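Open the structure in your viewer and have the selection tool ready.

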Amino acid sequence: MIKSAINLIFISKALLKHGLWGKNRLIPLLRFIRLQLIFALGEKKICLEWFKGIYLNIEKGDTGLTGNYYLGLHEFTDMGFLIHSLKEKDTFLDVGSNLGSYSLLASGLCKCSSIAYEPVPLTFFKLINNINIQNFRERIIAKKIALTSIEFPDDKVLFSTDKRTRNSVVNEQYQGDKELVKVSNLDKETENISPNLLKIDVEGFENVVLRGAENLLNRSSLFAIIIEGQTAGVNNLIRSKGFTDYNYSPLDRKLIPHQKVENNRIWIRDSKLKAVKKRIQNAPLRRIYGQTI
């Protein structure tokens, strides 16, 4: 009961500022009530259609998916940018993919190739299940790998496994559940491919991941980065590679020089700005729960 009340507070706050539902705020609330009733009646897992032909395999507590079911696009500006900027022949890198929402959008809507990196074993298992129910699963490669810096000395690292979406690197002194996970870096992972869009969400280790991506960040194919950790070190590193940060307005498809701090930040390579704007303007309309973006 207490957890449901907390979830209701979360969804209510999200609705107040969510850009997709300005005139129809009751609709996501009804989806929230529906899903809570399904779980209250004893269902432990349910498969629900998200966008047409894209399905969410949701278990109770899967906040990485339920927010998208309630709101359509949980991280509205960043997900809106992704579906407006990617094309069919592109390659999307999803670092810290969790249960795969971004990869499902990239490969399901935009029909491009995705590589999803998720190091936490239980989360990776759920990610695989979420990919396998899709008709386009051949477009997504999932890897149970922790990405780190070039100079990282070991081939494995300890990860917490008991903090759901907040799992991260831990040390031997961590008292909770933990497991060794294989380590690599982005430069090694992308030696033979030319990624176009990179998303990083690794619970505070964004700077470490970027220090393993020197060659990738210099590659002209990479036109944009969506990243969660917004420290001065992260921002300066990306800016030094010729990127500028923007806010994005999905409903009118406008890129605005960065003014508002949000959960994620969108960086666009300066030399690709004109091409990215063209991609955005030419992207097809998408419909989600009756709303069009």
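Select T148. This residue counts as buried because its relative accessibility is 8%, and the cut-off for buried is under 20%. Keep in mind that the model is predicted.

T148 sits in the loop that connects β6 (146-147) with β7 (156-160). Now show what surrounds the residue. Apart from neighbours within four places in sequence, T148 is in contact with V183, S184, N185, V208, V209 and G212.

Next, select the strands. β6, β8 and β7 form an open sheet, in the order β6-β8-β7, with mixed pairing. β6 and β7 are at the edges and have a single partner strand each, so one side of each lacks a neighbour in the sheet.

Zoom in on β6 and strand β8 (residues 178-184). The two run parallel and are joined by two bridges. Pick L147: its bridge partner in β8 is S184. S184 is also among the contacts of T148.

Move on to helix α10 (residues 232-240). Which of its residues are buried? They are V234, N235, L237 and I238. These residues lie on the same side of α10, because they cover an arc of only 165° around the axis.

Last, select G242, which follows α10 and has a positive phi, near 90°.

Notes
Residues are numbered from 1 along each chain as its sequence is written. This is a predicted model: local features need pLDDT of at least 70, side-chain atom pairs count only at pLDDT 80 or more; totals for chains, interfaces and linings use all residues. Side-chain values use heavy atoms; hydrogens and water are left out. Helices (H or I, at least four residues) and strands (E, at least two) are DSSP runs, numbered from the N terminus. Buried means under 20% relative accessible area, exposed over 50%, partly exposed in between (1.4 Å probe, protein chains only). Contact means heavy atoms within 4.5 Å. The arc is that of the directions from the helix axis to the C-beta atoms. Two strands pair if DSSP finds at least two bridges between them.
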